Amino acid sequence: MRIWKAVGAAAVALGALTACGGVQGAGLFVGGERISEDVVDGYVDELATIQTEQGGGDLAGHDYSQERVAVVEFLVMAELGRELELDRPDGAGDDINGLYAEYTSYLGQLSEDAEPRELTDSEFESLFEAVSSDEQVNQRVVSEWIESSGLSDAELQELSAASQTDPTIFEEIVRQWSANQGAALAGLSDDLNEYVEEYDITSSPRYGEAAVTVLPGVWEIAIPQR
């Protein structure tokens, strides 16, 4: 999402709000923290405003479903990072930009600590399908592979030309990526699944089927609802 431009008024701070599960008005639970619907909705409104301003539109009749799912993901990672006492990033703050800074920083820190593992056959199939059908996933995988390949520009051009007639070249690139960067993401997804259970992470059904997305179409850790 192209949302990260300077914004004005800050949303309501996250704050340490404690309560038990099932409390009316609760939007999200992470460990012992209860995040109210008012706090979640404040971030949703701020994100929607930024999105529509960037797109040159307005909020009249706007569908907030995408923003709701995104904000839950950001909040889950922000609260989880705090629970795990990870290093708080310099850009952290009380607006949506600060929340996103925490989300990306904590996800990156957990990725560095994750134990890489080999992808299962079904994970590789999902990866290959995602790379073949999702342009953003394709660009990420290919660019990361190119960066780690050590090939010269001339060699990359030659390989690109050969791949137009030999589809096995592209599959081999994906397979090499999966053995390195993909293995690290697989380990991260395992850790996140364990954290969701360990910290009893749940969200209100009003925010839709939210997930922490490690790689779209491959590793999407669902946030249970209650």
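A quick word on ground rules. Residues are numbered from 1 along each chain as its sequence is written, and side-chain values use heavy atoms, with hydrogens and water left out. Because the model is predicted, local features need pLDDT of at least 70 and side-chain atom pairs count only at pLDDT 80 or more, while totals for chains, interfaces and linings use all residues.

Let's begin with the rings. Rings of Phe, Tyr and Trp (its six-membered ring) pair if their centres lie within 6.5 Å; planes under 30 degrees apart are stacked, over 60 edge-to-face, and the rest tilted. The count by that rule is six aromatic pairs. One of them joins Phe74 and Tyr100 edge-to-face, at 5.3 Å centre to centre with 70° between the planes. Helices here are DSSP runs (H or I, at least four residues), as are strands (E, at least two), numbered from the N terminus. Phe74 belongs to helix H2 (residues 65-83) and Tyr100 to helix H3 (residues 96-113), so this pair links distant parts of the chain, 26 residues apart.

How covered are these two? Buried means under 20% relative accessible area, exposed over 50%, and partly exposed in between, with a 1.4 Å probe and protein chains only. Phe74 is buried at 2%, whereas Tyr100 is partly exposed at 24%.

Tyr100 also pairs with Tyr103, this time tilted, with 5.7 Å between centres and 35° between planes. Those two tyrosines are three residues apart in H3, which means about one helical turn separates them. Tyr103 is buried, with a relative accessibility of 10%. Together, Phe74, Tyr100 and Tyr103 make one aromatic cluster.

Two arginines deserve a look too. A charge sits over a ring if NZ of Lys or CZ of Arg is within 6 Å of the ring centre and within 35 degrees of the ring normal. Arg175 does this over Phe124, 4.2 Å from the ring centre, and Arg226 over the face of Phe29, at 4.0 Å.

Now, pockets. On a 1 Å grid over the protein atoms alone, a pocket is an open set of points where a 1.4 Å probe fits, with protein on both sides within 12 Å along at least five of seven lines; lining residues have an atom within 4 Å of a point. Volume is the space filled by probe spheres set on the points, which are joined across faces, edges and corners.

The largest pocket has a volume of about 790 Å³. Of its 24 lining residues, Glu73, Tyr100, Tyr103, Thr213 and Pro216 are the closest to the centre. H3 gives the most to this lining, six residues. By class, the lining has 15 nonpolar, six polar and three charged residues. Here Ala, Val, Leu, Ile, Met, Phe, Trp, Tyr, Cys and Pro are nonpolar, Asp, Glu, Lys and Arg charged, and the others, Gly among them, polar.

The second largest pocket is about 190 Å³. Helix H6 (153-163) supplies the largest share of its lining, four residues, and the classes are seven nonpolar, three polar and no charged.

Last, the hairpin. Strand E4 (211-215) is among the elements giving two or more residues to the largest pocket, and four of its five residues are buried. E4 pairs antiparallel with strand E5 (residues 219-222) over four bridges, where pairing takes at least two DSSP bridges. Ala211 stands opposite Ala222 in E5. Three residues lie between the strands, and Gly217 in this hairpin has a positive phi near 80°.
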